[in-house]
Amino acid sequence: MSAQLSEHAAGAPVLKVTGLKKAYGAIQAVGGVSFEVRPGEIFGVIGPNGSGKTTLFNSMLGQITPDAGKIELNGEDVTQLGPLQLNQRGVGRTFQTLQVFGKMTVRDNLIVAAQEHQGTMFSRMFAPGDSGLGARADALIDQFRIRHVADKKAGELSYGQQKLVDIAMAFMSQPALVLLDEPCAGVNPSLVGGISTLLKQLNQNPQLGKHSSFVVIEHNMDFVMDLCHRIMVMVEGTVMAIGTPAEIRANKQVLDAYLGS
Ligand SMILES: Nc1ncnc2c1ncn2[C@@H]1O[C@H](COP(=O)(O)OP(=O)(O)OP(=O)(O)O)[C@@H](O)[C@H]1O
Ligand SMILES: [Mg+2]
């Protein structure tokens with residue numbers, strides 16, 4: 001059963017993407033994608049390998065400049081902005097591959113993630129661990145149930161635990177919009193339910209997740225169907241369908257092209 005969209009879901013979209021295109025040579029990675037993410041919404045993006053999901057993310061994060069189209073964040077045109085500017089506007093992310101610093105402790109990984117957000121080298125060098133960051137790291141460490149490894153080097157943790165650290169890092173800057181690229185990839189099936197529960201908590205927790213909206217790419221269908229309020233299906237760089245989990249499950253075209261395969 002999918003989560004119910006909270007009352008925050010009303011109102012103007014947090015994210016509005018219109019006609020987004022990005023080609024790599026002859027490959028049209030994203031070929032004119034449009035969708036909206038509402039306040040408080042958990043919006044899933046599914047589709048076969050190579051269907052343009054990560055390219056779409058990288059465009060929304062300012063990592064690559066799209067060839068055409070528009071990206072609006074809370075009504076502001078952010079199409080041409082870079083990653084730091086988007087981060088400062090409250091956009092957080094996790095990557096398809098792990099981005100933790102293996103030689104730093106779990107707790108320091110979290111603190112550094114927030115300092116990246118705050119920006120300056122000065123703050124990184126002269127304010128380690130304070131400005132409330134330590135407390136926020138500890139709250140997330142407890143929420144993610146990784147207290148027992150908080151002082152270990154991240155590189156010594158299991159892949160699944162590192163994945164949890166990676167996700168927690170994205171929440172250190174208290175983002176209003178979080179883009180998660182395959183949070184369950186490579187994770188032991190026993191941990192997948194835990195990640196779903198955590199994301200639901202963070203979506204609703206006014207202290208840590210403050211009415212956050214999420215966009216989640218994931219191949220694990222049970223996870224997506226359980227977690228997301230709405231789902232967009234991408235095939236070959238275009239949008240095949242957008243709908244609730246029930247609508248997507250019942251969509252014959254989606255079944256034939258993707259879910260049925
Ligand atoms: N930097 C790049 N240079 C050239 N081609 C690229 C680049 N990045 C992506 N592509 C191509 O664009 C298409 C879309 O790739 P993308 O990584 O966005 O897909 P995806 O849906 O995230 O796939 P997956 O589910 O495997 O992660 C693919 O054909 C890919 O090979
Ligand atoms: Mg990808």
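1. Setting aside neighbours within four places in sequence, Asp-181 is in contact with Thr-54, Phe-57, Thr-94, Phe-95, Gln-96 and Ile-217 in this predicted model. Asp-181 belongs to strand 7, which covers residues 177-181, and its side chain is joined to that of Thr-54 by a polar contact of 2.8 Å.

2. The charge of Asp-181 deserves a careful look, since the residue is buried and yet has no salt bridge.

3. Strand 6 runs parallel to strand 7 and is joined to it by four bridges; within strand 7, Val-178 is the bridge partner of Gly-92.

4. A separate site is Thr-79, which sits in the loop between strand 5 (76-77) and helix 2 (83-88). Thr-79 counts as buried because its relative accessibility is 7%, the cut-off being under 20%. Its side chain makes a polar contact of 2.5 Å with the side chain of Asp-77 and also reaches the backbone nitrogen of Ile-71 at 2.9 Å. Not counting residues up to four places away in sequence, Thr-79 touches Pro-66, Gly-69, Lys-70 and Ile-71.

5. As to confidence, the protein chain has a mean pLDDT of 87, with 87% of its residues reaching 70 or more. Over residues 120-129, however, the pLDDT is below 50, although this stretch has twelve contacts in the model beyond near neighbours in sequence.

How values were computed: Residues are numbered from 1 along each chain as its sequence is written. Chains are lettered from A and ligands numbered from 1 in the order in which they are written. This is a predicted model: local features need pLDDT of at least 70, side-chain atom pairs count only at pLDDT 80 or more; totals for chains, interfaces and linings use all residues. Side-chain values use heavy atoms; hydrogens and water are left out. pLDDT is the predictor's confidence in each residue, from 0 to 100. Contact means heavy atoms within 4.5 Å. Helices (H or I, at least four residues) and strands (E, at least two) are DSSP runs, numbered from the N terminus. Buried means under 20% relative accessible area, exposed over 50%, partly exposed in between (1.4 Å probe, protein chains only). Lys and Arg count as positive and Asp and Glu as negative; His and the chain ends are not counted. A salt bridge is a side-chain nitrogen of Lys or Arg within 4 Å of a carboxyl oxygen of Asp or Glu. A polar contact is a pair of N or O atoms within 3.5 Å; within protein, one must be able to donate a hydrogen and the other to accept it, and residues adjacent in sequence count only if both atoms are side-chain atoms. Two strands pair if DSSP finds at least two bridges between them.
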